Amino acid sequence: EGRRSRYMMSFRSCGRLCWDVFLTFLLFYIATLLPFRLAFFLESESETYRLFEIIIDVCFAVDILLTFRTTYCDDEGEEVKD
């Protein structure tokens with residue numbers, strides 16, 4: 001087996017599971033609030049709300065980067081680490 005990078009995260013790790021659960025809550029928030037805001041033309045006047053939306057966007061950008069550094073399972077059920 002080749003050298004494993006210390007920056008790789010196992011798809012089975014507790015940290016990755018917690019991150020995925022966190023993103024699921026963010027997706028639920030976006031899936032319910034965004035259509036409501038668009039349907040009723042609600043503007044986000046609050047700076048706090050705008051900051052919260054930016055933080056959500058950053059979380060999804062970080063998830064994209066983490067996905068490139070996460071192992072996966074191949075067809076034989078082996079964890080691929082490179």
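Trp 19 and Phe 22 are both located in helix H1, three residues apart, about one turn of the helix; helices are DSSP runs of H or I with at least four residues, numbered from the N terminus. The model is predicted, so that local features need pLDDT of at least 70 and side-chain atom pairs pLDDT 80 or more, whereas totals for chains, interfaces and linings use all residues. Residues are numbered from 1 along each chain as its sequence is written, and side-chain values use heavy atoms, with hydrogens and water left out.

Helix H1 comprises 27 residues (residues 14-40), which at 1.5 Å a residue should span 39 Å, in agreement with the 39 Å between its end C-alpha atoms; the expected span is 1.5 Å times one less than the number of residues. Its buried residues (under 20% relative accessible area, with a 1.4 Å probe and protein chains only) are Arg 16, Trp 19, Leu 23, Leu 26 and Arg 37. These buried residues pack against helix H2 (47-68). Phe 41, which follows H1, has a positive phi, near 55°.

Three aromatic pairs are present in the structure, a pair requiring ring centres (for Trp, of the six-membered ring) within 6.5 Å.

Conventions. Helices (H or I, at least four residues) and strands (E, at least two) are DSSP runs, numbered from the N terminus. Buried means under 20% relative accessible area, exposed over 50%, partly exposed in between (1.4 Å probe, protein chains only). Contact means heavy atoms within 4.5 Å. Rings of Phe, Tyr and Trp (its six-membered ring) pair if their centres lie within 6.5 Å; planes under 30 degrees apart count as stacked, over 60 as edge-to-face and the rest as tilted.
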